[in-house]
Amino acid sequence: MMEEEMTDKQLRLDIIDELDFEPSIDAADIGVAVDQAVATLTGHVRSYSDKITTLGIVETVVGVRAIADEIEVRPIGAHITADDEIAKRVANSLNWNTSVPEGNIHVTVAKGRVTLEGDVEWRFQADAAERAIGRLTGVTGINNHLKVRPSVKVSDISERIKKTLVRDAELDASGIRVAVHDGTVTLEGKVRYLGERKSAERAAWAAPGVTNVVDHLAVQ
């Protein structure tokens, strides 16, 4: 028990160091607690983009098995942007982004939280839509409900994913098994830390024809 407590204490310090080292965010108002290698993040940040950056940093810290996200987005200043104004900015940003299919995405905004609905052919298009609006003023969160509906069926999804995993220099693919059924990719096996698990998920989503990814990878 004492050894586990010391490990959690060191892991917490490692996370704090990584957050302090990132110049694009202000980590002063972010709280970190670690219990059995599960990191709980509390406090607040200035934008949704800062929140995503924070989560991404913690994911890469070796030893983190999972993250409990309790970070709030609190825009700078007392003024809160109206939902209709945010909706206009979101629509414009999506229209200007060449990676986002025109006319396929429906946007709703409630208390600064943006919901995206509709169909896209590739996962990268859904990700591009989210990135395009993540830094907009007033956005406090994003519900990405875009569905991937490929126009063509790809028979070699599994082989493509395996090759992508092997090419990833930061990922040990030897412990990962890939199964595909009707566009759903199931990942099983073991990875060394949470960042590897996220990399494997991204590799699966990057393959053409993938409509869903089920992650059963264990962090060990």
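Me: Which elements do the buried residues of α5 pack against?

Reply: This is a predicted model, and in it the buried residues of α5 pack against β8 (176-181), β9 (184-191) and α6. The residues concerned, in a helix that spans residues 157-167, are I157, I161 and L165. They cover an arc of only 70° around the axis, which puts them on the same side of α5.

Me: Which exposed residues does the face of α5 turned away from its buried side carry?

Reply: On that face, turned away from the buried side, α5 carries the exposed residues V166 and R167.

Me: How should I read a salt bridge here, and how many does a search of the whole structure find?

Reply: A salt bridge is read from the separation between a side-chain nitrogen of Lys or Arg and a carboxyl oxygen of Asp or Glu, with 4 Å as the limit. Searching the whole structure gives seven salt bridges, and one of them joins the side chains of R197 and D215 at 2.6 Å, N to O. Because R197 lies in helix α6 (residues 194-206) whereas D215 belongs to strand β10 (residues 212-219), the pair ties together parts that are 18 residues apart in sequence.

Me: Are R197 and D215 buried, partly exposed or exposed?

Reply: The dividing values are needed here: a residue is called buried under 20% relative accessible area and exposed over 50%, with partly exposed in between. R197, at 22% relative accessibility, therefore counts as partly exposed, while D215 is buried, its relative accessible area being 15%.

Me: Where do R123 and D127 lie, given that their side chains meet in a salt bridge?

Reply: Both R123 and D127 lie in helix α4 (residues 123-133), where they are four residues apart, about one turn of the helix. Their side chains meet at 3.3 Å, N to O, and each of the partners counts as partly exposed, R123 at 24% relative accessibility and D127 at 28%.

Me: Over which ring does the charged end of R123 sit?

Reply: For a charge over a ring, one asks about both the distance to the ring centre and the direction relative to the ring normal. The charged end of R123 sits over the ring of W205, 4.1 Å from its centre, and the R123 side chain also takes part in the salt bridge with D127.

Me: How many aromatic pairs does a search of the whole structure find, and which residues form a pair?

Reply: The search of the whole structure finds one aromatic pair. W122 and F124 form this pair, which is tilted, with 6.2 Å centre to centre and 50° between the planes.

Me: What can be read about the place of S49, its contacts and its burial?

Reply: S49 has its place in helix α2 (residues 48-59), and it is buried, with a relative accessible area of 10%. Not counting residues up to four places away in sequence, S49 touches G134 and R135.

Me: Which residue does D50 meet in a salt bridge?

Reply: The side chain of D50 meets that of R46 in a salt bridge of 3.6 Å, N to O. D50 is buried, with a relative accessible area of 9%, whereas R46 is partly exposed, with a relative accessible area of 40%.

Technical notes. Residues are numbered from 1 along each chain as its sequence is written. This is a predicted model: local features need pLDDT of at least 70, side-chain atom pairs count only at pLDDT 80 or more; totals for chains, interfaces and linings use all residues. Side-chain values use heavy atoms; hydrogens and water are left out. Rings of Phe, Tyr and Trp (its six-membered ring) pair if their centres lie within 6.5 Å; planes under 30 degrees apart count as stacked, over 60 as edge-to-face and the rest as tilted. A charge sits over a ring if NZ of Lys or CZ of Arg is within 6 Å of the ring centre and within 35 degrees of the ring normal. Helices (H or I, at least four residues) and strands (E, at least two) are DSSP runs, numbered from the N terminus. Buried means under 20% relative accessible area, exposed over 50%, partly exposed in between (1.4 Å probe, protein chains only). Contact means heavy atoms within 4.5 Å. The arc is that of the directions from the helix axis to the C-beta atoms.
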